[in-house]
Amino acid sequence: MQIVHVKFPSIMVYRDDYFIRNSISVSAVILRAWITHKYGGGDLNVKWEENLLHAVATNYTLLKTVPPFERPFKDHQVCLEWNMDYIWNLQANKIPQCPLENDMVTLLGFPYASSGENTGIVKKFARFRNRELEATRRQRMDYPVFTVSLWLYLLHYCKASLCGILYFVDSNEMYGTPSVFLTEEGHLHIQMHLIKGEDLAVKTKFIIPLKEWFRLDISFNGGQIVVTTSIGQDLKSYHNQTISFREDFHYNDTAGYFIIGGSRYVAGIQGFFGPLKYYRLRTLDPDQIFNPLLEKQLAEQIKLYYERCAEIQEIVSVYASMVQQGGARQEACDPWNSYLDLKRRYGSPSTCRAFPWEKELKDKHPSLFQALMEMDLLTMPRNSNEFILEIGARIFEKAIKRLSSVDGLHQISSVVPFLMDSSCCGYHKASYYLTVFYETGLNVPQDQLQGMLYSLIGGQGSERLSSMNLGYKHYQGIDNYHLDWELSYAYYSNIAMKTPLDQHTLQGDQAYVETIRLKDDEILKVQTKEDGDVFMWLKHEATRGNAAAQQRLAQMLFWGQQGVAKNPEAAIEWYAKGALETEDPALIYDYAIVLFKGQGVKKNRRLALELMKKAASKGLHQAVNGLGWYYHKFKKNYAKAAKYWLKAEEMGNPDASYNLGVLYLDGIFPGVTGRNQTLAGEYFHKAAQGGHIEGTLWCSLYYITGNLETFPRDPEKAVVWAKHVAEKNGYLGHVIRKGLNAYLEGSWHEALLYYVLAAETGIEVSQTNLAHICEERPDLARRYLAVNCVWRYYNFSVSQIDAPSFAYLKMGDLYYYGHQNQSQDLELSVQMYAQAALDGDSQGFFNLALLIEEGATIPHHILDFLEIDPTIYSSNFSILRELYERCWSHSNEESFSPCSLAWLYLHLRLVWGTLLHSALIYFLGTFLLSVLIAWTVQYFQSVSASGSSPTPAQTSPDPAASTSSPAATPAADAWDQGQPMVTNNPEPRG
């Protein structure tokens, strides 16, 4: 009998010491033994698995494992130096505490309104910090053990072959394990990625319910999948199915990201997601899962809303059918004559006053029947869905007409029932109005639950302002919405992707989003209309051949800027006139783009190319980029396209940077084999920094997924970039413009209404403008708004990235004095003034200095924030002097300013205090000096006032100076319409 000694690695046998720093935890050890013939094929150089096949005898045993901290120390027979030995003994017997960590992850804790489009929530798992959990996760990559539990409320089954519910996308942008989709028949499609590289999918035998909250539980245990659906909050079992496979699945939940809903690969479901929990290392039965339906009241309200709307839609559909049938019979019987034709056009609308509904139903929906009675339904579309939507639009228009009256805010409570009916008909502008009314208490009782309900309803209906409202509330975590940047990104990215398409749509209630502040009188003076002085002067100059006037006039008409209504046809006429009569390269380029696309004119590619080359020869970088676009789109000559784009990119054209990124992403850059996402990302980032919308969208996508090394995952930054693009949407611009026009016309009710609607979407300029209106008309704010208007919207403003300095000053004042039910907070006041000072506002420095004069102490972190070293400026006097000097240097006033006088007064006090030590003399001298300074200031003011007579404000004749809107040149805007799209995006398998 021969004894074989087996030697194990030290990290398996001994505990940690100075030499063995990381002993491993061993869960199981299998010792295998086998005997082979010496010349029977056994070879020490081959793998043991192959030797085992030729064995004549085999055996194995399970060895007992010892936890790391129960193992002995190893005698290394080495003497450490005394200092090393001492340091080691200090920590030798300390047992490290594993971080408290759970394998359960809450992916969603607040309802998500999924519109059925190509946007959704992106979540990413990190590796476990706990070594035990991480080791278990790695061991199960080829034997997945996990459970998914989520709540759903479906409105419709999938309109395409598949719609996304929850799926994993790996680092190669391919579907991974697990991937759960909804089919067009209502079945679940569950897809897994196999170890051998292929994909395997299965479809459930049952279909899932519509318009009913249910919980979907899916557990994976190796090759076995158990799917369970339970209906209602009591989890009444609905369906259960077990599916078994013999293949081995590949599962690595950190090598990619999860998507809830839609993505650029697949549309999402139409409905709502409830709480979603993911157990990464456990397979659980439904009764072991703790995932209750949170926000129960809100979930119940969603269900009740759709039940009520189903009844309303049925009434509208039946009513319309009967009216149209009656109208058709009448038209068949009536002979045609001109009198009847005029009567149909201009007479009272055809109505039917005898319908077979019971009085109870009419009493239940009085506003609906009233609206239907007043409509001419014979001209409505015949398609049922389009008909119902058109009814909703007409009800909404009638309601808005009442809100636009002189006392429009007083009418809100009476139009709410009509807006509810309009919302039920699928017209979700009404849903957003209801959201704002309930959340702000705008002449209705404030009801946060109803506000959330209609915001989610509007978001599900893809209403742009509703989605922006949801994105903003989740971004800031306000008004009882959960702080969730991934959820915020899902809403913002939906509108951001639509924004460039909306900008180039020639129809719809849209206007250019301009940064116009109501506190800026100079900007307000140059706002105009088609019959305004500024517009008429520009038109006069443009007619005379002034190229700058022609360009500005065309831009105003094309994009609807500066108060002018959008009129692309008229804009194109000025583009054409400028291009053909002047040598202005921008006008030549703009008209070339119009001819290429046939917008308002007949396409003429030959003339367009000629004009484009002419503009490029004059050094216009947009035209150089345009030539690249021409060779890319029409000639498919990627070498020439890249040549022009590289040249334009050197000239600073952001469109060219984006287009080069597209070439790298599509894998068609000349001389480069395959796709290069890293270089594409770099070009997209450069384009985004230049203001390019599509480039910004790609960057936000990279930041939310974290799949590129050059774009480490940063959900907050992804939200900021998507929000930036969404806030350029023309439908938001239309609301802002209506508010501005109402303000300029002195229609306070309408101005307050539209600025509240815009402010609740989260756009900063509307929030500060609304707070300004509430300051101007506090009587309106107190009467009609349940929220503290000034406090709420200035507070919202300063939480934005691009907040103006005057908003910080205002919040500093509100914190300093206290406002209504808000208590005084000196520390926050100092922070607000410091932020204004950091933005270069002299008033911020002055206010900080006044606080010190009053005895307040500026915290060291605020001084560090202002780059004032407390070790150098150790006394209050030195800090005051520094603040007043900075205040003086940032002041825009050429003569005496409060900062300069305060600085002078400070130094005079110092001199006076040095010369005179007597307290009484010091007091009298300071008093007389103050009187002298005050008299001097008053004298200079009176002299300056008498020396300049007031003159009426005049409009600047310079069209470039006539607006301070941040609009890009029409060349840049028009070019956005001609971007080559990423045509061959990678499609996941399956």
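**Close-up 1. Helix H9 passes helix H11 in a left-handed crossing.** Everything shown here comes from a predicted model. H9 covers residues 384–403 and H11 covers residues 429–440. Their axes come within 10 Å and cross at roughly 40°, so the two helices count as oblique to each other. On the H9 side, look for Phe396, Ile400 and Leu403. They meet Lys429, Ala430, Tyr433 and Phe437 of H11. Sort the residues of this H9–H11 contact by class and you get six nonpolar, no polar and one charged.

**Close-up 2. Helix H12 meets helix H13.** Here we look at residues 448–460, which make up H12, and residues 464–476, which make up H13. The two axes come within 7 Å, with a crossing angle of roughly 120°. That angle makes H12 oblique to H13. As for handedness, H12 passes H13 in a left-handed crossing. Which residues of H12 and H13 meet? Ser455, Leu456, Gly458 and Gly459 come from H12, while Ser466, Ser467, Asn469 and Leu470 come from H13. The tally for the contact of H12 with H13 is two nonpolar, six polar and no charged residues.

**Close-up 3. Six strands make an open, antiparallel sheet.** Walk across the sheet and you'll pass the strands in the order E5-E14-E7-E8-E9-E10. Which strands stand at the edges? They are E5 (120–123) and E10 (199–207). Each of these two has a single partner strand, so one side of each is left without a neighbour in the sheet. From one strand to the next, the twist averages 15°. What holds such strands together? Strands of a sheet pair through backbone hydrogen bonds.

**Close-up 4. Strands E7 and E14 run antiparallel.** Zoom in on E7 (residues 162–170) and E14 (residues 256–261), and you'll find five bridges joining them. To get your bearings, find valine 169: it stands opposite tyrosine 257 in E14.

**Close-up 5. Two stretches have pLDDT under 50.** Across the protein, pLDDT averages 83, and 83% of the residues score at least 70. Residues 328–336, though, stay under 50. For that stretch, the model has five contacts beyond four places in sequence. Residues 350–354 also have a pLDDT below 50. This second stretch has ten contacts in the model beyond near neighbours in sequence. A word of caution for views like this: where pLDDT is low, the predicted coordinates should not be read in detail.

Technical notes
Residues numbered from 1 in each chain as written. Predicted model: local features only at pLDDT ≥ 70, side-chain atom pairs only at ≥ 80, totals over all residues. Heavy atoms only, no water. Axes fitted to C-alpha atoms, helices over the stretch in contact; angles between N-to-C directions. Helix = DSSP H or I, 4+ residues; strand = E, 2+ residues; numbered from the N terminus. Parallel < 35°, antiparallel > 145°, perpendicular 65-115°, else oblique. Left-handed = near helix turned anticlockwise from the far one by under 90°. Contact = heavy atoms within 4.5 Å. Nonpolar A, V, L, I, M, F, W, Y, C, P; charged D, E, K, R; others polar. pLDDT = per-residue confidence, 0-100. Pairing = 2+ DSSP bridges.
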